[in-house]
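This report describes a single protein chain for a reader who works with computed coordinates. The sequence and the model are shown first, and the description follows.

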Amino acid sequence: KNNFDHTRILGQGGHGTVYKGILSDQRVVAIKKSMTIKQGEITHFINEVAILLRINHRNIVKLFGCCLETEVPLLVYDFISNGSLFELLRYNSSNGSLLSWEDTLRIATEVAGALYYLHSAASVSVFHRDVKSSNILLDANYTTKVSDFGTSRLVSIDQTHIVTKVQGPFGYLDPEYCQTECLNEKSDVYSFGVVLLELLLMKEPIFTSENGLKLNLAGYFLEEVKVRPLSEIVTTKIYEEATEEEINNVTLLAEMCLSPRGEERPTMKQVEMTLQSLRNVTQTTAVHRANASDQLSQRCYSLEHEFIASAELPR
């Protein structure tokens with residue numbers, strides 16, 4: 001419809017443009033259209049189809065279908081209405097409103113769960129290879145959906161790594177993979193660590209410092225955490241809402257994900273379990289606070305009534 005009009009563009013990436021479309025049954029969808037008819041681009045599209053047909057997870061974008069018979073390949077996905085995490089973080093930092101600590105933990109946990117599923121819970125292992133905040137989409141309820149499997153690699157469940165040409169987004173690339181060209185699940189763990197920092201520090205993976213220097217977020221964080229208190233590194237909102245122990249635990253987890261050596265990084269299963277247990281503690285604390293607040297309100301209400309009643313008694 002509208003012949004892929006530029007006003008319907010949702011986003012553009014290295015392998016294609018994504019448009020908003022409407023199917024004949026009135027379902028709103030996202031249509032990814034390859035930029036060129038080069039064999040390499042078609043291979044990326046076929047690769048994405050092969051992977052998405054094998055996986056099914058609530059935090060991974062759903063593929064409805066594909067068309068490889070058109071002039072350029074088309075992929076049709078579920079439409080995810082609230083854009084990407086990258087856009088949300090950039091918009092929030094520019095207008096001063098930040099994600100709550102509870103939402104920060106939830107988003108991180110959902111992404112970790114999706115990556116754990118890809119690595120070890122699906123029928124085959126998938127190394128995503130392009131984990132970044134712009135590939136983490138948010139639906140109408142702000143539930144996360146991991147997307148863009150064009151450069152991902154399918155491997156048999158017992159295969160630990162593959163040797164491949166280095167490919168991935170600047171600022172998120174695993175330094176060990178860059179040196180050895182050995183891609184494994186720990187490369188995704190490193191990239192996830194950078195996403196975790198984006199959530200905690202509200203900075204882009206390559207950002208401009210106050211004195212105008214271009215800095216790598218992972219390198220900046222690993223240096224700053226040695227010499228400055230966390231209260232000066234994480235966003236003010238997180239420092240105000242989270243306990244010191246919670247902040248220490250999440251920043252330690254980010255440090256572990258960003259270890260230079262892959263074998264020293266946790267698995268995505270360990271990352272998800274750590275984040276989920278933190279969420280459980282946070283939710284329990286919130287319930288206790290709410291109950292305490294209710295009890296205090298009831299007590300104040302009772303005292304107020306006692307005071308009014310005593311004032312009405314004859315002297």
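What does the accessible surface of the chain come to, and what share of it belongs to carbon and sulfur atoms? The accessible surface is about 16900 Å², and 52% of it belongs to carbon and sulfur atoms; accessible areas come from the Shrake-Rupley method with a 1.4 Å probe, and for residues only the protein chains shown count as cover.

The model is predicted, with local features requiring pLDDT of at least 70 and side-chain atom pairs counting only at pLDDT 80 or more, whereas totals for chains, interfaces and linings use all residues. Residues are numbered from 1 along each chain as its sequence is written, and side-chain values use heavy atoms, with hydrogens and water left out.

**Overall composition**

The chain holds 9 helices and 13 strands; these are DSSP runs numbered from the N terminus, helices being H or I with at least four residues and strands E with at least two. Of its 315 residues, 44% count as buried, where buried means under 20% relative accessible area, exposed over 50%, and partly exposed in between (1.4 Å probe, protein chains only). Among contacts with a separation of 6 or more, 61% are between residues 24 or more positions apart, a contact being heavy atoms within 4.5 Å.

Strands β2 (residues 16-22) and β3 (residues 28-34) run antiparallel and are joined by 7 bridges; two strands pair if DSSP finds at least two bridges between them. Ile22 stands opposite Val28 in β3. The two strands form a hairpin with 5 residues between them, and in the turn Gln26 has a positive phi of about 75°. On β3, 5 of the 7 residues are buried. Strand β3 also runs antiparallel to β5 (residues 74-78), through 5 bridges, and Lys33 has Leu74 in β5 as its bridge partner.

Tyr19 lies in β2 and counts as buried because its relative accessibility is 11%. Leaving aside residues up to four places away in sequence, Tyr19 touches several residues, including Phe4, Arg8, Leu10, Val29 and Ile31. The C-alpha atoms of Tyr19 and Val29 are 8.4 Å apart in space, with 10 residues of separation in sequence.

**Helix α5**

In α5, 16 of the 17 residues are buried. At its start, a side-chain oxygen of Asn184 reaches to within 2.8 Å of the backbone nitrogen of Lys186. Met202 follows α5 and has a positive phi, near 55°.

Ser187 is found in this helix. The side chains of Ser187 and Asp174 are joined by a polar contact of 3.1 Å, meaning a pair of N or O atoms within 3.5 Å; within protein, one must be able to donate a hydrogen and the other to accept it, and residues adjacent in sequence count only if both atoms are side-chain atoms. Beyond four places in sequence, Ser187 touches Asp174, Tyr177, Cys182 and Arg265.

**Cysteines and accessibility**

A search of the whole structure finds 0 disulfides, a disulfide being a pair of cysteine sulfur atoms within 2.5 Å. The sulfur of Cys67 is 7.5 Å from the closest cysteine sulfur, in Cys66, and therefore too far for a bond. Relative accessible areas of selected residues are tabulated below.

| Residue | Relative accessible area | Class |
|---|---|---|
| Tyr19 | 11% | buried |
| Cys67 | 27% | partly exposed |
| Cys182 | 27% | partly exposed |
| Ser187 | 5% | buried |
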